[in-house]
Amino acid sequence: MSQRTFSIIKPDAVRKGYTAAILAAIEKAGFQIASIKKQSISKAQAEGFYAVHSARPFFDSLTTFMSSGPIVLMVLEKENAIADLRKLMGATNPANAEEGTIRKQFAGSIEENAIHGSDAPETAAFEIGYWFAGYELV
Ligand code: CMP
């Protein structure tokens, strides 16, 4: 059964001109782009999105980074989308990411790691609803 996940091309990758290459990798892996938009977000919006990480030492730096420039927000669809996207992204820390993954190719550090993908069905539902209105997902 088809599943939806939520993804962000982060400001580091957008700044470096990797948007098209990352989208190509996503489509080549069989994902349909159900919705996509490019925008800059505020620090407060980033804090709300990453609220589960609010107690982490990197929270302030992460939310400053995520609001530092335009990002690409996407809802992606395919069978097993959540797990398959995380596999395509590679490990959070690009130093540990497998060859051929998006983070291995395009990420610079554990924080500036090029792409985000939801880690579970509940987080995907929260994250899609946080950034996309129902009318954007028809
Ligand atoms: P993401 O998948 O978007 O989820 C939380 C983000 O926090 C993660 O990607 C990284 O960008 C960032 N992150 C996770 N661990 C660390 C860390 N140890 N130091 C700095 N940033 C981190």
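How many helices and strands does the secondary structure of the protein chain come to? The protein chain has 7 helices and 4 strands (DSSP runs, H or I of at least four residues for helices and E of at least two for strands). From the N terminus, their order is β-α-α-β-α-α-β-α-α-β-α.

This is a predicted model, in which local features need pLDDT of at least 70 and side-chain atom pairs pLDDT 80 or more, while totals for chains, interfaces and linings use all residues. Residues are numbered from 1 along each chain as its sequence is written, and side-chain values use heavy atoms, without hydrogens and water.

The C-alpha trace of the protein chain spans about 40 × 35 × 25 Å along its principal axes.

Around the ligand stand K10, Y50, H53, F58, L62, T92, R103, I110, E111, N113 and H116 (a residue is near if one of its heavy atoms lies within 4 Å). This shell divides into 4 nonpolar, 4 polar and 3 charged residues (Ala, Val, Leu, Ile, Met, Phe, Trp, Tyr, Cys and Pro count as nonpolar, Asp, Glu, Lys and Arg as charged, and the others, Gly among them, as polar).

| Side chain | Distance to a ligand oxygen atom |
|---|---|
| K10 | 2.8 Å |
| H116 | 2.9 Å |
| N113 | 3.4 Å |

On its own the ligand has 460 Å² of accessible area, of which the protein covers 79% (Shrake-Rupley method, 1.4 Å probe).

How values were computed: Polar contact = N/O pair within 3.5 Å; in protein donor to acceptor, adjacent residues only side chain to side chain.
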